[in-house]
Amino acid sequence: MNVPKHVAIIMDGNGRWATKRGMPRSAGHLEGSKTLEKIALHAIDMGVNVLSVYAFSTDNFKRSKEEVDYLMDLFVKMFNTKFEKINKKGIKVVISGRKNHLREDVLQAIELIEKRTEDNQAGILNICLNYGGQEEIIDGAIKLAEDIKNGLDVSAFTRDDFYKYLYHELPPIDLLIRTGGELRVSNFMLYEMSYSEFYFTNTYFPDFDKSEFNKALFMFENRDRRFGEIHDSQNH
Ligand code: IPE
Ligand code: IPE
Ligand code: MG
């Protein structure tokens, strides 16, 4: 099986999942966090090396204080107490995003989970928190500008070279999944998704289980990725 090395998920639909059941939006976020743990373990079992997930965008700060506070509390709880299975599985957890606007306890929990899992070798779980795709490119461009000021020669600089200016030097995304039915990328990993295959599903993220994930993998296997080339079979 041709397994995507880097899968990214826009975990959308938590709020609607809860509203549909007459529950507060927070209940959807809690359920979504359980789904994330299951999917991360499963993805590694399926041979995926890197799983990136969109947990909180820079624009999600526009939501009510109540919802933002709930999500931040949930991140702290997840990182401090709920990620033991992920750690035991040998998954290295990294967090991508801007550190400004984040509470002190959230920053501490981020530091701790990254430290606790840093030597793990089985795969990487990249959690995008206070993350924006355009922001990541801007932050990378600022770092690059600094290096240029210090004498870096960019006459032969390539798009591959820019990866080391991103938050973590992760490979390009092979498969991008969005749950929850919207057909947009909402400022997710714009640089890394340049040649991603897209998979959209109406399933709300809390209901996105192993078999839903496998459906996306099967679809991926049948896509013809050309990267701008023309494949032999089409030459005649
Ligand atoms: C995604 O679910 C999780 C976050 C953005 C934090 P939503 O909260 O956007 O759920 P919907 O899209 O309103 O259903
Ligand atoms: C994208 O979902 C962000 C996350 C999944 C964390 P949103 O619900 O914030 O995106 P829009 O508002 O539908 O574009
Ligand atoms: Mg949403």
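How many nonpolar, polar and charged residues does the shell around ligand 2 have by class? The shell has five nonpolar, two polar and four charged residues, where Ala, Val, Leu, Ile, Met, Phe, Trp, Tyr, Cys and Pro count as nonpolar, Asp, Glu, Lys and Arg as charged, and the others, Gly among them, as polar.

A few ground rules come first. This is a predicted model, with local features needing pLDDT of at least 70, side-chain atom pairs counted only at pLDDT 80 or more, and totals for chains, interfaces and linings using all residues. Residues are numbered from 1 along each chain as its sequence is written, chains are lettered from A and ligands numbered from 1 in the order in which they are written, and side-chain values use heavy atoms, with hydrogens and water left out.

Back to ligand 2. The residues around it (those with a heavy atom within 4 Å) include Ile10, Met11, Asp12, Phe56 and Asn60. Strand S2, residues 50–57, is the top contributor to this shell, with three residues; strands are DSSP runs of E with at least two residues, helices are runs of H or I with at least four, and both are numbered from the N terminus. Arginines supply polar contacts to ligand 2 oxygen atoms (pairs of N or O atoms within 3.5 Å): the side chain of Arg184 at 2.8 Å, that of Arg63 at 3.3 Å and that of Arg178 at 3.4 Å. On its own, ligand 2 has 390 Å² of accessible area, and the protein covers 78% of that (Shrake-Rupley method, 1.4 Å probe).

Ligand 1 has 13 residues around it, of which Asp12, Gly15, Arg16, Arg25 and Arg63 come nearest. By class, its shell splits into three nonpolar, five polar and five charged residues. Arg63 turns up here too, with a polar side-chain atom 2.7 Å from a ligand 1 oxygen. For the side chain of Arg16, the distance from an N or O atom to a ligand 1 oxygen is 2.7 Å, while Gly13 places a backbone N or O atom 3.4 Å from an oxygen of this ligand. The protein covers 87% of the 370 Å² of accessible area that ligand 1 has on its own. Helix H1 (14–20), H2 and helix H3 (65–82) each give two or more residues to the shell around ligand 1, and H1 gives the most, with three.

Just after H2, Gly47 takes a positive phi of about 100°.

Notes
A polar contact is a pair of N or O atoms within 3.5 Å; within protein, one must be able to donate a hydrogen and the other to accept it, and residues adjacent in sequence count only if both atoms are side-chain atoms.
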